[in-house]
Amino acid sequence: METYYLWPILTVLTILGLSYRNRSSLDSEKFAEIALLSILTVQVGLGSLWAFLGHAFMPDVIAMYIGWPTGSPFQLEVAFANLSFGVLGLLSWKFRGEFWMATIIGFSVFYLGAAYGHIMDALINLNYSPGNIGAPLYIDIVIPLLLLLLLVYHRKFSRKSQG
């Protein structure tokens, strides 16, 4: 199993565990909060730290998987971008509100931009490597969209309950 599937599976298990733990107060607003928290800490936090390790310490293996040339110094830059989102994702366990919004917007710009890059690489360079057009591409699109939708939903309900 590719490790790309590990993070969504762990995220779903975290959502289920936290939902069960909060079952007495679980409503749609609480579920959205649990889903956001789980995606931010597991998928964004741990998943981005994992991506950092790959790009920083196994750059040639990752480059070959994606279909990129090996030896590019840009891999280290991608590694540190992943490290920054990993740290922000993990800090989301402690900090909420506007911190979540900033983390989600930054992460979404990075991942949707990466998706665009993968698609253009496939169209222009005919790069159909599994790391370019496989699971990473779907995750680069689905996770940011899911985070953005959940954030809008969560903020809408938070305002209603405060007003």
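Pro59 is in contact (heavy atoms within 4.5 Å) with Gly54 and Gln75, when residues up to four places away in sequence are not counted. Pro59 is placed in helix α3, which covers residues 59-66; helices are DSSP runs of H or I with at least four residues, numbered from the N terminus. With a relative accessibility of 27%, Pro59 is partly exposed, a class that lies between buried (under 20% relative accessible area) and exposed (over 50%), as computed with a 1.4 Å probe on protein chains only. The C-alpha atom of Pro59 is separated by 28 Å from that of Leu147, and the two residues are 88 apart along the chain.

The model is predicted, so that local features need pLDDT of at least 70 and side-chain atom pairs count only at pLDDT 80 or more, whereas totals for chains, interfaces and linings use all residues. Residues are numbered from 1 along each chain as its sequence is written, and side-chain values use heavy atoms, with hydrogens and water left out.

An unreviewed UniProt entry lists residues 6-22, 34-53, 73-92, 99-119 and 131-153 under "transmembrane region"; the positions follow the numbering used here, feature names are shortened, and such annotations may be inferred rather than shown by experiment. The span 6-22 is 94% helix and 0% strand (strands being DSSP E runs of at least two residues), with 24 Å between its end C-alpha atoms.

The largest nonpolar core contains 20 residues, of which Leu36, Phe107 and Leu147 touch the most other members. Such a core is a set of buried Ala, Val, Leu, Ile, Met, Phe, Trp, Tyr and Cys residues joined through side-chain atoms within 4.5 Å. At least two residues of this core come from each of α1 (6-21), α2 (28-57), α5 and α7 (135-162), and α2 gives the largest share, eight residues. Beyond four places in sequence, Leu36 touches Trp100, Ile104, Leu147, Leu150, Leu151 and His154.

Thr11 lies in helix α1 and is buried, at 5% relative accessible area. Apart from neighbours within four places in sequence, its contacts are Ser38, Ile39, Val42 and Gln43.

Ser129 is located in the loop between α5 (98-125) and α6 (130-133). Ser129 is also buried, with a relative accessible area of 19%. Neighbours within four places aside, Ser129 is in contact with Tyr65, Ile66, Gly67 and Gly134.
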